[in-house]
Amino acid sequence: MKKFNIRKVLDGLTAASSSSSAAAASGAAQPGAPRENDAVQETLQSEHFQLCKTVRHGFPYQPSSMAFDPVQKILAVGTQTGALRLFGRAGVECFCQHESGAAVIQLQFLINEGALVSALADDSIHMWNLRQKIPAILHSLKFNRERITYCHLPFQSKWLYIGTERGNIHIVNVESFTLSGYVIMWNKAIELSTKTHPGPVVHISDNPMDEGKLLIGFECGIVVLWDLKSKKADCRYNYDEAIHSVAWHHEGKQFVCSHSDGTLTTWNIRVPAKSAQIITPHGKQPKDGKKPEPCKPILKVEYKTTRAGDPFMVLSGGLSYDTVGRRACLTVMHGKSTAVLEMDYPIVDFLTLCETPYPNDFQEPYAVMVLLEKDLVLIDLGQIGYPIFENPYPLTIHESPVTCCEYFVDCPAELIPALYSVGSRQKRQGYSKKEWPISGGNWGQGTQSYPEIIITGHADGSIKFWDASALMLQVLYKLKTAKVFEKARSKEEKANTDIVEEDPFAIQTMSWCPESRMLCVAGVSAHVLIYRFSKQEVTTEVVQLLEVRMQSEFSNGDSPDPGGEQTPTLPNPGASPSPQESEPPSQPSTGSNSSDGPRDNIACLQVRSSPLKQSPGYQVELVIQLVWVSGEPPQPITSLAINSSYGLVVFGNSNGLAVVDYLQKTLLLNMGTSELYSPSDPYHRQPRSPRKVRQSSGGELPSQRFCISRPVSPVATCDSNDGSNTSEDRCKSPTSGSTSPCNSDDERKQRFIEKVKFKSRRFSKTVANDFAKMSRKISSSSEPKTDLAKERSKQWHSFTRKKHSCCLGRGQAAARMTPKGPVCRTESAPNFYAKDNTFTRSRSSSVTSIDRESRESISAFHFCESYPRKMDGAVGPCLLVGTTQGTVVMVALSLPPAVDQRLQQPVGISSCGTMVTLKGGILTMALLDATGALLPPSFESWYDPNASDEEKEKSRRRRPASPPSSQEGPEAQFAVLCSEKQAKVLAMPSQTRVYKHNITESSFVLRADVVQMAGAYCIACFCANGHIMTLSLPSLRPLLDVNYLPLTDMRIARTFCFSNLGQALYLTSPTEIQRITYSQETCDNRQEMLSELFTPVETPEAPNRGFFKGLFGGGAQSLDREDLFGETGAGKASRSLAQHIPGPAGMEGMKCAASGVVGDLARARIALDERGQKLGELEDRTAAMMASADSFSKHAHDMMLKYKDKKWYQL
């Protein structure tokens, strides 16, 4: 037994020292350990790594407000979590976050100034500088005694009006973010005779034609026109219903109010006594002239005028109460026409986009921007029918909830054009022909030129391919996997076989080969779909289907009901064979699903029976479904892998694994997890409990079937039950001449039940219930005990298959498709050698709860070309299998030597036993050559399956995983293995451990990938405690360890993925993808790569007042707000009312923002203060000089008078 001096690798210490000491301690005993001069030269250093966020894509999660800059053409959206998303032209996006996390209740642009004011639910307002690529807060103001309800910033003004819950209005200077002493108190605004409080301020706006008149709307229904100069109310307008919004006519003579009863009231400012018009847009007009029935509140109204036609009135809400279940609507009233536009989601806010930013000119509206709870819609007002604009932003990530995600960096260059060409045909028609009106900002000048692709799987079974190059995101192609299946017509039909109540087509995991474009997906209904990429349309008459029985080791019974596939039993002496042993049914696709017995041989989904028209793009090649077994539903698929060079797909779950040859449409291997271990395997775990076996109807004692079945005839149904053979013949192993003896052991059963009861007191209630249920299953039947050590030692062999036969493992049937039927069923043997019931963390379990998985599941696969067994001299196709118990098993594959024989000759499979065990479940596996370079799985170049045979032969070329020269030497490869707790590197083919690193002790790794960085390779890990770490290869030196993001949502664990060149991403919310980088080079170039929001644009000229308006004063009236609101005219505000908070960066932030308008203004103010101080000092000195001159003049005058009349000789 080899011993190491160092047993643990402490966190923070490099693995190089530990590995060198380990090698020194066991150098003689471990010939595979590298000597000092043989060590791989590693180039990656900690200086190559730095972690930072790059960009966020998707729709803003839980939007609450929005604003639009009509000159800069920039849109800002605030959310309930305090986030800000800014959008310009396609590809120009920015994300900001308020530290408090409070909801953004309102946004106001400083139009064409590159600044934005945000008001939050925690009664704070913030000034954002948008003239830098990463916007920053320059000033903040926190109100202490009043709640903010509404804000208004007039165009080209620096004074911000803030309405509060108490009904007061305060005024803030946005340059210095200081409060003015000018305050409009609610009791002065309303009539003195009013006895009740008017409620919060819901609207503030100034008269478009007179800046000195401020319109204030209170919630109770009172509107006040306030004279700022005289500090009193000019007019008051009263209505019985609560007010939600107010909109001005551009001439300033009328305004419109929307109310809670679904009415719109129009008021003339000179006639406050009665409204000029009252209408109920969606109310039923009674014939007797009475008031219409009340409707739902009109939440917002906008009134926009045009030069050539009737004005537009746009409103949200106001529908009749009898329209129950109707979706949210936006109403557009233009002249005598009224259009009601239904929305897919509730309306959060809307804005009417106009040609001019000046409120006192004809508005000329051209579009309506509608912010929905889960979408952003732009409606073209200039075309008949009001079509919508085609949205260029990637806002449809959440169209169906994202269930899984994969990220590929530096993939083949021809992939994106190919996906775009087939995806462009999927675009909807009927969009507006105009350009997208939000067109501000400029793209970044990034140096990254490699293609990036993101693949998202969704709950409705769809898969989306995204172009993620150059920090942008654009959908390329959408694949709908649900088209392969029949849709359930009723709830009863769904409940029969579905294992999930909702979203039976949801994608669970994916495996994609970019070079061959082969795609394999697994769904929650235990189904696997294999797709090929084709540029030609094809109609598939019959969808190829393969059904697989993967039996649970703790299932209710090992044999299905009569009429289904039966497990052969060993009859008692003198007993006749069981009547249940009969020929399989002639229609294999029908299973047992009657109310009298459990479901059996039934798939969760029904494959489409009618011809399937498949458009260019991904076209289904084969459907694999796991079926119900004796009333037990199939277990979810936990791992999946595809290899285009071998033509194989492998998938696994908690019951075992299956290998499918998708070229020949056959099942090669179907076995339990415990059967991967050889009987002499030191890592093999004996089962703690035997399985319950159902009693046969003849009273005979059932035996544990543990045999290798004979090949069956090539019919549509492949089963190990053949009526032509006796039970004894079927249970005999080809390598042994006797059947296995069967004995019972009640003491072992009772000991196990007592152990279960003991454990049930220690674990949580839910886990205890699971144990109790398991014990009830075991105690309900007699427990056989079978000694199969000799049988097990002989059962391993290379699985081969003839042209018209199935390759069968111990009790498993591997099937191939035949013209007799499209369905092929297979059955797996009972897993007698069950995994030890040890509790371990699962990636899909809750972080804080005890894992309830009691069986060993398959957690990872990796196809490779390596040395199958210890000290092998040649490499060959292999499959690495990792389990949730940390075991790595090598499986050898035997492929036909010639490509043209691939479809005729069989594929052999044999297990080579356990390589190594690690702590925690296996997450990722990879192979390195002797120089430390990654050995990727071999692949086949893409070819169009619908092309001619000549083109297929030209394009089909199998590529080796690496050059032959790299496979030479005593230790030609390194196997890299990473689990939830640690990482190990083995030398191949000796399978000697040369490096080891304990990644974490207190937490566990959620995602690990072997990635390329700066021309070398490393392991990137994301832990549940939020740490992101990288380890060098092959020495496993820690290079990066940053506490980045604590795991607060399982969505992050499910979607986090690393990719090459220092890129990673995760789903930060149900609607948004957050991309990050751990590359120092990318962080350094981040500023250049990011887009620019602010661009210098000239403000449009103000409207011409005309000769007569200028002569007679009919134009807009200006107001000197500085004299009115400044400290000189209004005094100072109370210090206890609000607290000024400088930007987080302080003076450094001010210097960084010096190019912004607010920065310029602040800098100018400081310069003016300094200049004023100097001028004051100069004035003091000048005054002193003037006083001295006056004194000198006085003395000179007195002397002149004294000597005025005297002669010279009298002096």
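Which residue forms a salt bridge with Asp 123? Before I answer, a word on the model. The structure is a predicted model, in which local features need pLDDT of at least 70 and side-chain atom pairs count only at pLDDT 80 or more, while totals for chains, interfaces and linings use all residues. Residues are numbered from 1 along each chain as its sequence is written, and side-chain values use heavy atoms, with hydrogens and water left out.

The partner is Arg 147, and the closest N and O atoms of the pair are 2.7 Å apart. By salt bridge I mean a side-chain nitrogen of Lys or Arg within 4 Å of a carboxyl oxygen of Asp or Glu. This pair links distant parts of the chain, 24 residues apart: Arg 147 is in the loop between strands S9 (136–143) and S10 (148–152), and Asp 123 is in the loop between strands S7 (115–120) and S8 (124–129). Strands (E, at least two residues) and helices (H or I, at least four) are DSSP runs, numbered from the N terminus. Arg 147 counts as partly exposed because its relative accessibility is 42%, whereas Asp 123, at 8%, counts as buried. The cut-offs are under 20% relative accessible area for buried, over 50% for exposed, and partly exposed in between, with a 1.4 Å probe and protein chains only.

In total, the structure holds 29 salt bridges. Another is formed by the side chains of Glu 406 and Arg 1007, at 3.5 Å from N to O. Glu 406 lies in strand S29 (residues 402–409) and Arg 1007 in strand S57 (residues 1005–1013), so this pair ties together parts that are 601 residues apart in sequence. Arg 1007 counts as buried, at 12% relative accessibility.

A further salt bridge joins the side chains of Arg 1075 and Glu 452 (3.0 Å, N to O). Because Arg 1075 lies in strand S63 (residues 1072–1079) and Glu 452 in strand S30, the pair ties together parts 623 residues apart in sequence. Both Arg 1075 and Glu 452 are buried. There is also a network of salt bridges, which links Arg 56, Arg 85, Glu 93 and Glu 1072.

Contact here means heavy atoms within 4.5 Å. Gln 1063 counts as buried, at 1% relative accessibility.

Is Ser 245 buried or exposed? At 9% relative accessibility, Ser 245 counts as buried. The side chain of Ser 245 makes a polar contact with that of Ser 258 at 2.8 Å, and also reaches the backbone nitrogen of Val 301 at 3.0 Å.

Finally, helix H3 (residues 415–423) has as its buried residues Leu 415, Ile 416, Ala 418, Leu 419, Val 422 and Gly 423. Seen down the axis of H3, these fall within an arc of 165°, taken from the directions from the helix axis to the C-beta atoms, so they line one face of the helix. Their cover includes strands S30 (452–458), S31 (462–467) and S39 (617–626), among others.

Notes:
A polar contact is a pair of N or O atoms within 3.5 Å; within protein, one must be able to donate a hydrogen and the other to accept it, and residues adjacent in sequence count only if both atoms are side-chain atoms.
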